[in-house]
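I opened this notebook to record how two chains meet in one model. The entries follow the order in which I looked things up.

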There are 2 protein chains.
Amino acid sequence: MLALCFHDAPRMLDVDAPEPGPGEALVRVTRAGICNTDLEIVRGYMGFRGILGHELVGVVESAPSTGLVGARVTGEINLPCGACPSCAAGLGRHCPHRTVLGILGKDGCFAERITLPVANLHRVPDDVSDEKAVFVEPLAAAFEILEQVHLRPSDRVAVLGDGKLGSLVAQVLLTAGGEVTLVGRHPERLSIAAGRGARTALADAPLEGRSFDVVVEATGSPSGLGRAQDLVRPRGTIVLKSTFHGRPEVDTARLVIDEITLLGSRCGPFAPALRALAEGTVDPSPLVEAVLPLRDGVEALRRAGEKGAGKIQLAMP
Amino acid sequence: MLALCFHDAPRMLDVDAPEPGPGEALVRVTRAGICNTDLEIVRGYMGFRGILGHELVGVVESAPSTGLVGARVTGEINLPCGACPSCAAGLGRHCPHRTVLGILGKDGCFAERITLPVANLHRVPDDVSDEKAVFVEPLAAAFEILEQVHLRPSDRVAVLGDGKLGSLVAQVLLTAGGEVTLVGRHPERLSIAAGRGARTALADAPLEGRSFDVVVEATGSPSGLGRAQDLVRPRGTIVLKSTFHGRPEVDTARLVIDEITLLGSRCGPFAPALRALAEGTVDPSPLVEAVLPLRDGVEALRRAGEKGAGKIQLAMP
């Protein structure tokens, strides 16, 4: 089958289709999304080698439980061992022995077929299109913030970065009723958020410093945390979403002096993300910039890496 | 009066005694403690110029409310403006217009006399010696952790750094009933903590990685945060206590992946610290290495800066 692989460089290769292991389903991928994490992997993040990709929707071709065959599904990307203390504590997404689809020790979804444990699959409601369903994984990562932080309706929230993730985060946080300001560099992206009820600000516009209760850092840039520190109020919360290859210099003394809570935030729950898509409380469609066929995977990756690119999706044959 | 001043270098100078402003008391300092923050200021931290020192006990010589005259007191170090939204919200310690005794825009207590707002003063119980009472400020900073984090009796806690603050933190956290391990480089300091019920480990001894629910970083070193990240479990909490001049490189991606909560923690409540000293639940006395007369302030500062030094106190004439 055709797959977008990364070894020394991203390449389209013809590889063997995967064989489902015990408890795994074989899924025919119909649509996949390119995430900034894929671009970071190509820059060396995580040291991953193999088939890229972790945002997907597809159709189950085979499964241990036959009721799933033919179902349209999306899939959680962490594959826990199921046997360690983390897993026993319900923290499978933090299992130290986990593999992660297209990120750590498990071939990803920029391919015609993947295998995933049945426990990782979520049925996609009929009225959620493939185009939208591919957003479930990053949308779940946005909902993770609401799992971690009690966002009060009276809170002033800033989201830094109007990339794909930042834009989804702004939409999700608006559902909590607070005042949400999306800060970014792309007027067209900001206007999408404004249409959903967010305040917006250009990244170089002055904003009242030390005034936001919660600041979400989703710039993908090493400088984002410093900017978040400028905006958050003393005793406020910074949610860190960006992962990249490298170690930024951090003004830790300022974290201490202002008694900031810095929260690392990664993958989230799929169920509320699917509900939000089905109910239309979040609409990621305007973020889609282009849909390319899988065979143009290398070109798709290049386009996704262009400054200010929207979501690039891959459609499978 | 005699005072230990910092302009380009620490020097003993003869300066005018301070004049109390409105609402302020004049306090004759009887004992003061040297803190790592004083040493950092001499290295450039905070850009402070003036009389150093913020840990003190003394006797009120004059005050707007005459009932205070003659009282033995210790003093909170943040002087809020009292009129801004932070102050109105009860966050005077985070008032953006505040001055801070011996740290920011306010002469400190390595002197014969200081002025402080009456609201900052706390009476010291008769049965708490001057030697112990000087510890109220750093002890309050240790109690701040319990204000910020719900420490469960079943939690495993590591405290990194057996300096003065780390040693006090270990004693304070033991009062919450969890398993506390103090990690440091000084066997004699570790044995004091062991005597209070802490587990101890030498800094270069192997400890089970990613196994602690809460890790307190009190090493005062830029490398402390990385070590804390090695020890904390996924979804665990790191409390950051160290302030120093400089910006360490931080593996922020690991904070995101492991969804760590990083909490900056600074000054804390004086009342529980005074209670703990009066009741003996915390005993800082074994941490005192030497008591020098104020006139030997420069030498005292030098000794406090020696590797592994205990608490150096200044006794006023």
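**Entries on the A/B interface**

I began with one ion pair: the side chains of Glu144(A) and Arg235(B) form a salt bridge at 3.2 Å, N to O. I took a salt bridge as a side-chain nitrogen of Lys or Arg within 4 Å of a carboxyl oxygen of Asp or Glu. By that rule I found 4 salt bridges across the interface of chain B and chain A.

I noted the conventions next. The model is predicted, so local features need pLDDT of at least 70 and side-chain atom pairs count only at pLDDT 80 or more, while totals for chains, interfaces and linings use all residues. Residues are numbered from 1 along each chain as its sequence is written, chains are lettered from A and ligands numbered from 1 in the order in which they are written, and side-chain values use heavy atoms, with hydrogens and water left out.

I then looked up the extent of the interface. I recorded 36 residues of chain B in contact (heavy atoms within 4.5 Å) with 36 residues of chain A. The buried area is about 3,200 Å², and carbon and sulfur atoms give 56% of it; this is the accessible area (1.4 Å probe) that the two parts lose on being put together, summed over both. Of the area that chain B buries against chain A, His94(B), Val256(B) and Ile257(B) supply 19%, more than any other three residues.

I took strands (E, at least two residues) and helices (H or I, at least four) as DSSP runs, numbered from the N terminus. Two strands pair if DSSP finds at least two bridges between them. Which strand of chain A pairs with β17(B)? I found that β17 of chain A (residues 261-264) does, in the antiparallel sense over 3 bridges. There Leu262(A) stands opposite Leu262(B).

Thr237(A) has Thr261(A) in β17(A) as its bridge partner.
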